Amino acid sequence: MKSEILSILLLQALLPVVCLPAVAALDHGGTCPMEKLQVERLPDLHEPRAGHVVLLVDGEPMVFGGHTSGFVPLATAERYSNGEWHLQPMTYSHDEPVVLPMESGKIVIAGGHEQPLGIGQTFTLELYHQAQQSFEGYGCLDVKRCFAQGMEIDSGRVIITGNWYHNDNIECFDGSRQCLKVKEVAQHRSLPYILRTAKDNAIIFSSHDNHGLPLDTIVIDRLHGEPFTEPLLQTWRPFYNHTGNRTQDAFIGDMSRGEYAYLIPGIRSDGEMALLKVEGEHFSLLPTACPVPTRSQWGTISYFSSVVADRRQRRAYMSGYGIDDGDHRLYVLSIDYGVKPADLTLYYSEPQRDSIGCYCPVLTADGNLLIAGGVDWAHFNNFKPFATTLLLRVGSPVAAETLPMPWWLLALAALVVLALVAVLLMRKRRLTGVETTDVTPIERTDYEQLMQPICRLMDERQLFLNSGLSVADVAAQLAVHRNTVSQCINAQTGCSFAQFVAKYRVEYAQQMLRRQPDKKLSAVWRESGFASETSFFRTFKALTGMMPSEWVRQG
């Protein structure tokens, strides 16, 4: 007993000392922690390109349009599958277009520069059909556009707005061949943000006009309703991203609950950055554990992407590049927005000695970031884009190597561990059997008997369709301890509880796709009990070896 008390006293004495650096880092004025970023070079694109859009299509990265060397518009797309890029012809050339995936599974590609050198705008609109992997010249915009953005609102309606050296308005694509004008805008804008505020409404704003000049006062348009101003945007101006503001990537809400929330980078006149959280029409600054870093020990960080959110992990990312001589590192700012204040971590790569492109990344099915093509961000030369493809491994703990920890902190941590071990050993001696009283050891035959009602809950009551299903939920249904359920499933199937449930969800999705091969994949993963599209694609491929669209085609 005396040993246990001494161990506890030692632990209490050491914890404040050990935790002091961590507490300092969590202070709003602290330094952002840094970790090493692993960058993997993937096969190059067939064509160097910038001004394109990168999306995850059926779980695979795909690039649309853009321009190539000499600032010449491209009428091609490329899809990354089986370790290589596959070139596909598009109907029209689209340099700096609107590219928007729809709930129907189709992708709208519209507008772009009419001529080389970034000159002019176009009316052209085409659709990409995921199931057939084909492009179809489809229709015409109401206003010829470039540097525009789009957002699907409801019932397959897409609003499109924004322009470059041409007049602007808000128009709608509803599946017909001609887009229809919805309303005039309070300000002409380029590269606007479009944020949904309700099922059938949105707000639209930008920090720059349709000639790329900063707006003195930022006016926010409503799709339905009168325009308004937000004082916060006069201090923290929305990030003007030349690689495109794919607002849907910055969504951190839950549409099934009617929660519409986004994260947007904001910039102050002195160059400092913050994160704007927009919930409906309410703007606020996201509280962060430390300021958004704009410098590292090697020099200035220039961010080249807006926010890309991984809703499954409740984490978001912004990508940047070191523009000072001798730096040339890639940076990724990780934003754990699920905690308050949000934890920030700055990932940094080794200096990129080979020429690489910097462009707005896409979140891959396994939670990493992929950058395809782009320009030299330090010099931003549109005439010499790159074909490089980079995978930034931020999606798993093994991807990042933490900066060396001071020896004294390691020593203190070791003392804490020893104290904890001493406490646990003393408690184990004194409380032997307490941990096992809730879960009585079960014979194999008992596991076999318990497995039957577990399977009935899945087969007959289809508990797996609940995306938030936990082992505790199943245990409550059977009036047994949750550890017993986990041990039973593992002993009988060789799977963890999560793997066991995932198999049911994938089989349910397969049945749905057999009966309705044209059903929207967005509906399939939701109705099958998956928590996110990323989880659906990753799990489906892990269990079947194919993406859902491939599986449907092989029938």
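The model holds 19 aromatic pairs, where rings of Phe, Tyr and Trp (its six-membered ring) pair if their centres lie within 6.5 Å, and planes under 30 degrees apart count as stacked, over 60 as edge-to-face and the rest as tilted. This is a predicted model, in which local features need pLDDT of at least 70 and side-chain atom pairs count only at pLDDT 80 or more, while totals for chains, interfaces and linings use all residues. Residues are numbered from 1 along each chain as its sequence is written, and side-chain values use heavy atoms, with hydrogens and water left out.

**Aromatic pairs**

Two of the pairs are set out here.

| Pair | Centre to centre | Angle between planes | Class |
|---|---|---|---|
| Tyr128 and Phe135 | 4.7 Å | 50 degrees | tilted |
| Phe540 and Trp551 | 6.1 Å | 80 degrees | edge-to-face |

Where do the partners of the second pair lie in the chain? Phe540 belongs to helix H9 (residues 533-544) and Trp551 to helix H10 (residues 548-554), so their pairing ties together parts that are eleven residues apart in sequence. Helices here are DSSP runs of H or I with at least four residues, strands are runs of E with at least two, and both are numbered from the N terminus. Phe540 and Trp551 are both buried, as are Tyr128 and Phe135; buried means under 20% relative accessible area, exposed over 50% and partly exposed in between (1.4 Å probe, protein chains only). Phe540 and Trp551 also belong to one aromatic cluster, together with Phe530, Phe536 and Phe537.

**Helix packing**

Helix H9 leads us on to helix H7 (residues 497-515): the axes of H7 and H9 come within 10 Å and cross at roughly 90 degrees. Axes are lines fitted to C-alpha atoms, for helices over the stretch in contact, and angles run from 0 to 180 degrees between N-to-C directions. H7 and H9 are therefore roughly perpendicular to each other; angles under 35 degrees count as roughly parallel, over 145 as roughly antiparallel, 65 to 115 as roughly perpendicular and the rest as oblique. On the H7 side the contact (heavy atoms within 4.5 Å) involves Ala502, Lys503, Val506, Ala509, Gln510 and Leu513, and on the H9 side Phe536, Thr539, Phe540, Leu543 and Thr544. Sorted by class, the contact of H7 with H9 has seven nonpolar residues, three polar and one charged. For these classes, Ala, Val, Leu, Ile, Met, Phe, Trp, Tyr, Cys and Pro count as nonpolar, Asp, Glu, Lys and Arg as charged, and the others, Gly among them, as polar.

What is the angle between helix H5 (residues 471-478) and helix H6 (residues 482-493)? H5 and H6 pack at about 105 degrees, with their axes 8 Å apart, and are therefore roughly perpendicular to each other. H5 contributes Val471, Ala472, Val474 and Ala475 to the contact, while H6 contributes Arg482, Val485 and Ser486. Five nonpolar residues, one polar and one charged make up the contact of H5 with H6.

**Two open sheets**

Phe64 has Ala77 as its bridge partner in S6.

Another open sheet of four strands is ordered S16-S17-S18-S19, again with antiparallel pairing. Its edge strands are S16 (193-198) and S19 (228-229), each pairing on one side only. Even so, five of the six residues of S16 are buried, so S16 is largely enclosed by the rest of the structure. A hairpin with two connecting residues leads from S16 to S17, and five bridges pair these strands in the antiparallel sense. Ile203 of S17 is the bridge partner of Leu195, and Ile203 also stands opposite Arg222 in S18. Strand S17 (residues 201-205) is joined to strand S18 (residues 219-222) by two bridges.

**A buried loop residue**

Thr364 sits in the loop between strand S30 (362-363) and strand S31 (369-374). Is Thr364 buried or exposed? Thr364 is buried, with a relative accessible area of 7%. Beyond its neighbours within four places in sequence, Thr364 is in contact with Leu56, Leu369, Leu370, Leu391 and Thr534.

**The whole protein**

The protein has ten helices and 33 strands, and 53% of its 555 residues are buried.

Terms used
Pairing = 2+ DSSP bridges.
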